[in-house]
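Welcome to this short tour. Open your viewer, find the selection tool, and follow along one stop after another.

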Amino acid sequence: MELTRKQKTFKYLCFCLIILLADLLQNTMGLFPQISGARCFLLLPVAVILAVGEDILGGALLGLFAGLLWDLSAAVHLGFNCIYITVICLLSSALVSYIARDTFITNMISAGFSIILYCIVYWLCFIVIRGVESGEMTLFTFYLPCAIYTAVLSPVLWLILTPVKKRLNYENKQNL
């Protein structure tokens, strides 16, 4: 049985609050630890893990919300995060809707792929193409360490978010 409208509203409201919390942790200095200057891009795995197992529209809208929040704190590349995370969440939810199952491995592959692709595309578009001086080395000194840091935390995020997802996806029980 499907969730009622009230249950879906509550579920997506909780998902948006989780994304908002991840945004605050990621974009407020001092709330989440940096390791040797590497930041954790929490919004990527959180949005992907929440989008996996949802319908395509729901997954894309979760990605849109996460990207909009990230772009609100960005000074240079307005719109990039919004478009990127929306497309990645749409593809991740479509992958699970039509091809794979919502398992740990599927979540980690989707999250890992999105993290690595984000770092490389961002580095190419906003560092290399713009001709930032000594920008070639930032791939190895900043973006790959950030990708590794985020990918290492992805299983922990999955362990935290999976029980929440299961709890919010309860089925409508008929009262006798």
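This is a predicted model: local features need pLDDT of at least 70, side-chain atom pairs count only at pLDDT 80 or more; totals for chains, interfaces and linings use all residues.

Begin by selecting Asp-102, which touches Val-52, Gly-53, Val-96, Asn-107 and Lys-165, leaving out residues up to four places away in sequence. Here, a contact means heavy atoms within 4.5 Å. Asp-102 sits in the loop between α4 and α5. Its relative accessibility is 39%, so Asp-102 counts as partly exposed. On this scale, buried means under 20% relative accessible area, exposed means over 50%, and partly exposed is in between, using a 1.4 Å probe and protein chains only.

Residues are numbered from 1 along each chain as its sequence is written, and side-chain values use heavy atoms, with hydrogens and water left out.

**The whole chain**

Switch to a cartoon view. How many helices and strands does the protein chain have? There are 6 helices and 0 strands, in the order α-α-α-α-α-α from the N terminus on. These are DSSP runs numbered from the N terminus, with helices (H or I) of at least four residues and strands (E) of at least two.

Zoom out, and the C-alpha atoms fill a box of roughly 70 × 35 × 25 Å along the principal axes. Of the 176 residues, 44% count as buried. Among contacts between residues at least 6 apart in sequence, 72% join residues at least 24 apart.

**Into the core**

Next, select Ile-19, Leu-44, Val-46, Leu-50, Ile-85 and Tyr-118, which touch the most other members of the 47-residue largest nonpolar core. Two or more residues of this core come from each of α1 (5-27), α2 (43-51), α3 (56-72), α4 (80-98), α5 (104-128) and α6 (138-168). Which helix gives the most? That is α6, with 10 residues. A nonpolar core is a set of buried Ala, Val, Leu, Ile, Met, Phe, Trp, Tyr and Cys residues joined through side-chain atoms within 4.5 Å.

Keep Tyr-118 selected and show its surroundings. Not counting residues up to four places away in sequence, Tyr-118 touches Phe-41, Leu-44, Trp-70, Phe-80, Asn-81 and Tyr-84.

Move to Ser-110 in helix α5. Is Ser-110 buried or exposed? Its relative accessible area is 7%, so Ser-110 is buried. Apart from residues up to four places away in sequence, Ser-110 touches Val-48, Val-52, Ser-92 and Leu-95.

Finish at Ser-36, in the loop between α1 and α2. Ser-36 is exposed, because its relative accessible area is 77%. Check its backbone too: phi of Ser-36 is near 50°, a positive value in a residue other than glycine.
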